[in-house]
Amino acid sequence: MRAVDIIRKKRDGGCLAPEEISSLIRGYSAGAVPDYQMASFLMAVYNNGMRDDETMALTQAMLNSGARLDLSGITGIKIDKHSTGGVGDKTSIILAPLMAAMGLKVPMIAGRGLGHTGGTIDKLASIPGFSTEASPEDIRERLKTVGCSISRQNGAIAPADKKIYALRDATATVESIPLIAASIMSKKLAESLDALLLDVKTGSGALIKDIQGARKLARLMVDIGNSAGVKTAAVITDMDAPLGRAVGNSLEVKECVSALKGKAAPDLMEVTLVLAAWALHLADSVSEEVPVRTMAGPVVAGYKNEVFDYLEHADAFKKFAEFVDAQGGDPESVFKLSMLPAAKEIKTIESPWEGYIKKLDAFAVGHAAALLGGGRDRMEDEIDLSAGILINKKPGDKVAKGELLATLHTNDTSRLKEAGEVYLSGIEITERDLPARKLVLDVVV
Ligand code: URA
């Protein structure tokens, strides 16, 4: 099978057979298909989409490009949570130790931040000594002793995805539903999970901006997971505004520590509790061998109360300290957050307006944080782990003229002015008090 014929078929809107997809991915992994051919295939998929069976075949081919974690000797329910990415989206760092404190086993493989979105791996890199490199043996050991592990994708797990993701980044083909679904699910299926919880973000700061697209992506990933024998559910959450108050790597880790003690911004706490409640429900559905259901209000509330106990009684925070220690992080840093990188320059942004914050555009905030040094344009770029933004006024808050809207943190003052302007451009003000923002928009099981 020639790569050029497969590309032509997709370019002309045709449907590819599983063998055509696997031959292309095998060829690319082996170096026989060059980047320029894969890039044009990705653009053909971006433009013409894929049928669900094609996306499933692509996921399978990418999964088969590497090894699977062997977790057969690990007792307990193996579960992971994965987000499609956003601004201030730090819940993985709270959820992994929280789920471990609740007795679940979490072999999380996470990504680095790109463009306006942050990445769990960069956030954790701001903890002194913390290592996100892990061999399968390291992951198994941490699951036995701590209950959770967060590591970066290495060459062993879905290597085709690693290579393709870097190419998508350079060829403007990231925001494609079949490509996102295959990328995420090939990595997650390699983790040998019993259950998987997906947080599909939608809004200005997400990869998929509209709710219809988010539902489609969620449905596709849930179907791929379930058909591979992994109990999968997706919660669709808002990413029109940043989550929590911190945006930027070390600032976000500090906010995670507050959340692990049960005290953080209401939107961050709510999304964390809902996701953790869903993780417990999925785990129950595995151990009790019952179908996953859309949970009614009182059931969700019951699970959320249970989760909150783990935060309030510091079990989750203690587990976080164990997790940091197990991954080489300085154990003292968890108690002494001043050991995390801090920016030299802090600039305040005061409100030029009076009223209520109607909109705080997640994309603009993410872009401003990237200008301060907290984000990367290309996969290989270095970032400043201390750079970012602390948000003082969130959507729905009342603000007076001259009141503090946010503080900008950076070591590079050259783009401070521009970052401030971008931040302000993301704000809309209204005279009227607004109803509370809906954070959980849908659930797909
Ligand atoms: N996260 C991934 O791992 N892959 C994507 O394509 C998008 C988000």
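By class, four nonpolar, three polar and two charged residues make up the shell around the ligand; Ala, Val, Leu, Ile, Met, Phe, Trp, Tyr, Cys and Pro count as nonpolar, Asp, Glu, Lys and Arg as charged, and the others, Gly among them, as polar. The model is predicted, local features need pLDDT of at least 70, side-chain atom pairs count only at pLDDT 80 or more, and totals for chains, interfaces and linings use all residues. Residues are numbered from 1 along each chain as its sequence is written, and side-chain values use heavy atoms, without hydrogens and water.

The shell consists of His82, Thr84, Tyr165, Arg168, Ile180, Ser183, Ile184, Lys187 and Leu207, where a residue is included if one of its heavy atoms lies within 4 Å of the ligand. Helix H9 (177-189) gives the largest share, four residues, and helix H8 (159-170) supplies at least two. Helices are DSSP runs (H or I, at least four residues), and strands likewise (E, at least two), numbered from the N terminus.

| Residue | Ligand atom | Distance |
|---|---|---|
| Arg168 | oxygen | 2.8 Å |
| Ser183 | nitrogen | 2.6 Å |
| Lys187 | oxygen | 2.6 Å |

The ligand alone exposes 240 Å², of which the protein buries 89% (Shrake-Rupley method, 1.4 Å probe).

Elsewhere, the structure holds three aromatic pairs (ring centres within 6.5 Å; planes under 30 degrees apart are stacked, over 60 edge-to-face, the rest tilted). One of them, Phe317 with Phe335, is edge-to-face, at 5.5 Å centre to centre and 85 degrees between the planes. Phe317 belongs to helix H14 (residues 315-326) and Phe335 to the loop between H14 and strand E7 (345-350), so the pair ties together parts 18 residues apart in sequence.

Methods
A polar contact is a pair of N or O atoms within 3.5 Å; within protein, one must be able to donate a hydrogen and the other to accept it, and residues adjacent in sequence count only if both atoms are side-chain atoms. Rings of Phe, Tyr and Trp (its six-membered ring) pair if their centres lie within 6.5 Å; planes under 30 degrees apart count as stacked, over 60 as edge-to-face and the rest as tilted.
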